[in-house]
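Here is a friendly tour of the side-chain interactions in one protein chain. Please have a look at the sequence and the structure first.

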Amino acid sequence: MRSDQGKVAGLRAGILLAALGVALAAQLPSLPDAALVAMLPMALAVAWLRAPVRPLALLACGFLWAVLRAHVTLLAVLPEALEGRTLVVHGSVVGLPAGDAARVRFDFLIARARQDARPIAYRGPVRLGWYRDAPRLVPGERWRLVVRLKRPRGRVNPAGFDYERWLFRRATSATGYVVSGTANRRLGASGRTGLDAWRQRLSRAIAMHLQDRPAAALIAALAVGDRSAMSREQWRVLAATGTAHLMAISGLHVGLVAGLVYFLVARIWSLTTTPLLWLAAPRAAAIAAVAAAAVYAALAGFALPTQRALAMIGVVMGAVVLRRRVLPATSLCLALAVVLVADPFAVVSAGFWLSFGAVAVILWGMSARVPAAGQPAWRRLVGRWARVQWLVAVGLLPFSIVLFLAFPLTAPLANLLAVPWAGLALVPLVLAAAVLVLPFPALGALLLQAACVAADSLWWLLVRLADLELMLRPVSAPPPPALLAACLGGLLLIAPRAVPGRMLGLVGLLPLLFHPAPRPGHGDFRLTLLDVGQGLASVVQTRAHVLIYDAGPRYGTGFDAGRDVIVPYLRARGVTRVDRLIISHGNSDHSGGAAALRSLMPTLETLSNEAAPGVRARPCRAGTRWQWDGVDFEILHPAVAGAWDGNDGSCVLKVSAPGGRALLTGDVERRAEAAMVSLARAKLRAEVLVVAHHGSRSSSSAAFLDAVRPRLALIPRGYRNRYRFPHAPVLRRLDERGVRVLDTARHGAIAVDVVREGGVRVARLERIADSRIWRARP
């Protein structure tokens with residue numbers, strides 16, 4: 001018995017070591033040489049044959065396996081020579097397309113491609129947008145499309161969503177769009193036999209029967225994992241209550257389905273005698289439970305939490321079939337092994353840590369817990385369920401703070417009430433409706449209406465809790481040592497009662513929440529040019545004040561620079577309010593994110609001559625001056641009200657400190673530049689210049705550059721933007737004057753410090769400082 005226990009403990013330790021190797025590979029700043037992967041068979045052999053060095057070999061196995069998968073994914077990326085070229089591709093629609101009448105986003109698996117009527121050696125999965133005259137796409141359909149593609153590329157900022165990492169995990173080799181025209185044509189119908197086609201039909205049936213009811217999107221998410229119809233307000237409520245996992249096919253729901261099927265099959269099987277002669281009821285129920293869990297997980301497209309749940313269910317039910325006993329911790333480790341073999345870079349997703357972390361802290365906190373004697377069964381059940389919520393809240397607090405810079409304090413109460421309701425009422429009704437709505441529309445519609453009532457009841461509660469706005473936020477983004485201390489502190493705090501000194505775990509949580517925010521000194525400032533794609537958003541921070549100059553774009557596809565880039569950056573820097581927002585002019589690539597920024601971050605004052613929609617502002621006029629913390633600010637343009645409009649009406653801001661000056665110019669063009677040179681030449685001198693109009697040839701004239709005499713030029717632009725900014729004449733003029741040029745497309749977010757001692761220095765180039773393996777190119 002002791003020998004078997006030792007083997008099980010060794011198995012768990014080996015899996016954890018291999019997982020650690022995978023996690024280390026995911027932190028690499030660059031891709032190791034492919035020759036290193038050749039050592040993987042040797043590492044496997046050593047791990048199998050040589051016990052003394054087995055831990056090190058298992059660590060190497062995990063590391064090398066992740067490196068191998070990274071090479072396979074990155075070698076399939078679109079060749080650079082094909083970027084922006086018009087290609088004719090043949091392939092099939094994959095997954096569920098999302099969008100509306102104006103645009104559709106979908107995944108497409110290219111089987112073959114041609115350029116200029118010549119076959120090219122390129123194939124693989126791509127993500128496409130169809131923006132005009134898009135037909136209704138069905139998963140599995142084969143199409144001939146004319147497309148323009150680019151390599152996977154995303155915005156790189158100190159905080160916020162990493163689109164490149166998301167594409168890498170999905171093994172997407174390129175992104176692009178369909179060129180509208182008659183050359184695009186359907187080659188063959190899917191026959192609507194595939195799983196994704198069935199998911200789409202079911203999602204459309206739900207939408208048809210529930211019409212415009214808000215709960216329709218929630219029910220579609222629960223039935224087939226289709227969350228494309230969920231609104232921003234619905235996501236806000238779920239995030240504010242920590243219940244986003246309830247409104248999708250999560251590991252919890254897969255477990256509920258497996259448990260329900262196991263119970264029903266076991267009961268039905270035991271009522272008959274003939275089946276028992278060749279298969280016992282528990283074993284038959286276990287097989288049925290795994291099959292049901294697999295089908296339900298497939299409806300979610302095998303999302304990561306469902307992979308974990310399915311693997312654990314498979315281990316537990318496999319033990320039932322084989323009449324073996326498997327400890328929960330062992331089944332969790334085996335599930336970890338299955339997930340990382342299938343997708344080693346799952347370790348870089350939030351879902352991985354939240355899913356496995358939740359199960360781990362429950363197992364740790366509930367171990368060796370003996371219920372109080374003499375208590376009624378219902379009180380014991382409620383007590384255990386309340387403790388589970390406490391364990392999950394405390395155990396996942398460090399991950400929530402690091403991943404989202406927030407923790408909803410209403411989450412324990414929300415989940416305490418919502419999980420039983422969803423598990424016992426909402427999910428069973430949704431599943432019954434999903435099974436019956438296509439073959440028996442009338443009965444399915446009735447069940448959908450019942451599910452809608454259940455969802456509405458739950459949603460009423462969640463909205464009330466979300467409106468309390470009880471969010472725990474750290475002072476600033478915590479560093480890795482603070483995360484480690486918080487994890488150890490959290491584990492001690494939720495430890496079983498036999499562990500002494502549990503309250504000392506609170507000390508470990510303090511660095512996570514109260515890590516001091518970095519701030520410039522008195523008389524210094526930091527200028528950060530954020531990476532918002534083709535647009536402009538910049539932050540000027542002094543000792544105790546923050547100014548935002550332009551708020552970036554907002555696109556119909558859902559991206560909003562204010563919400564998705566600026567606010568996460570400010571929270572990571574410990575900023576709780578914006579003292580002044582300047583919108584240089586009304587173009588959407590400069591003003592689009594202003595409304596979201598103002599709604600999410602208290603903003604004391606806004607200056608603009610062309611206010612963005614929904615934004616009240618006072619005029620921006622030359623001569624406006626103020627000082628914050630020893631740093632001077634002055635508006636240099638426009639000088640006369642109403643004399644300038646459009647790009648030339650941009651507010652031009654100069655920031656001056658003892659260590660240097662910065663000039664932010666919006667989209668001014670040569671006419672406005674000439675006016676400033678004529679009226680305020682002496683004031684234009686600045687060491688740092690944010691180049692006007694993204695580097696357009698219509699701006700940055702020689703006379704203007706001679707007046708400014710910059711040492712450093714920053715260009716806000718999008719990667720392979722359609723305007724082809726920056727233009728060559730502008731770069732040539734800057735080069736002739738010996739100006740160092742940085743741009744957001746090549747360097748990501750750019751931080752420049754202007755300090756009394758040391759002058760102007762580039763503090764951080766985000767794409768270089770945060771180099772990751774998924775941004776590498778073999």
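What follows is a short briefing on salt bridges, aromatic rings, charges over rings, and two further spots. Please keep in mind that this is a predicted model. Across the whole structure, a search finds 26 salt bridges, and the count of aromatic pairs comes to 14.

**Salt bridges**

- Let us begin with glutamate 164 and arginine 767, whose side chains meet in a salt bridge at 2.8 Å, N to O. This pair links distant parts of the chain, since glutamate 164 belongs to helix 4 (residues 163-169) and arginine 767 to helix 25 (residues 766-769), 603 residues apart. Both glutamate 164 and arginine 767 are buried.
- Glutamate 605 and arginine 618 form another salt bridge, with their closest N and O atoms 2.2 Å apart. Here too the pair links distant parts of the chain: glutamate 605 sits in the loop between helix 20 (594-600) and strand 14 (606-608), while arginine 618 sits in the loop between strand 14 and strand 15 (625-628), 13 residues apart. Arginine 618 has a relative accessible area of 35%, so it is partly exposed.
- In the salt bridge between arginine 563 and aspartate 564, the closest N and O atoms are 2.9 Å apart. Arginine 563 is partly exposed because its relative accessible area is 24%, and aspartate 564, at 23%, also counts as partly exposed.
- A network of salt bridges links Asp162, Asp770, Arg772 and Arg775.

**Aromatic rings**

- Among the 14 aromatic pairs is that of tryptophan 130 and tryptophan 143, which is edge-to-face because the ring planes stand at 80 degrees, with the centres 5.5 Å apart. Tryptophan 130 lies in strand 4 (residues 124-130) and tryptophan 143 in strand 5 (residues 142-150), so the pair ties together parts that are 13 residues apart in sequence. Tryptophan 130 is buried at 5% relative accessibility, and tryptophan 143 is buried at 4%.
- Tryptophan 626 and phenylalanine 633, by contrast, form a stacked pair, 5.3 Å centre to centre and with 0 degrees between the planes. Tryptophan 626 is buried, with a relative accessible area of 12%; phenylalanine 633 is buried as well, at 2% relative accessibility.
- Phe352, Trp353, Phe356 and Phe399 are joined into a cluster by ring pairs.

**Charges over rings**

- The ring of tryptophan 626 also has the charged end of arginine 580 sitting over it, 4.2 Å from the ring centre.
- In a further case, the charged end of arginine 153 sits over the ring of tyrosine 719, 4.4 Å from the centre of that ring.

**A surface patch and a buried threonine**

- Val475, Leu504, Val507, Leu510 and Phe514 make a nonpolar surface patch of about 490 Å². One of these residues, leucine 510, is found in helix 17 (residues 505-514) and is partly exposed at 44% relative accessibility.
- Is threonine 330 buried or exposed? With a relative accessible area of 7%, threonine 330 is buried. Threonine 330 is part of helix 11 (residues 328-342), and, leaving aside its neighbours within four places in sequence, threonine 330 is in contact with Val8, Leu11 and Arg12.

Note on methods: Residues numbered from 1 in each chain as written. Predicted model: local features only at pLDDT ≥ 70, side-chain atom pairs only at ≥ 80, totals over all residues. Heavy atoms only, no water. Patch = residues over 30% accessible without salt bridge, like charges linked within 9 Å, V, L, I, M, F, W, Y side chains within 5 Å. Areas by Shrake-Rupley, 256 points an atom, 1.4 Å probe, with all protein chains shown as cover. Salt bridge = Lys/Arg side-chain N within 4 Å of Asp/Glu carboxyl O. Helix = DSSP H or I, 4+ residues; strand = E, 2+ residues; numbered from the N terminus. Buried < 20%, exposed > 50% of the residue type's maximum accessible area, 1.4 Å probe, protein only. Contact = heavy atoms within 4.5 Å. Phe/Tyr/Trp six-rings, centres within 6.5 Å; stacked < 30°, edge-to-face > 60°. Lys NZ or Arg CZ within 6 Å of the ring centre and 35° of its normal.
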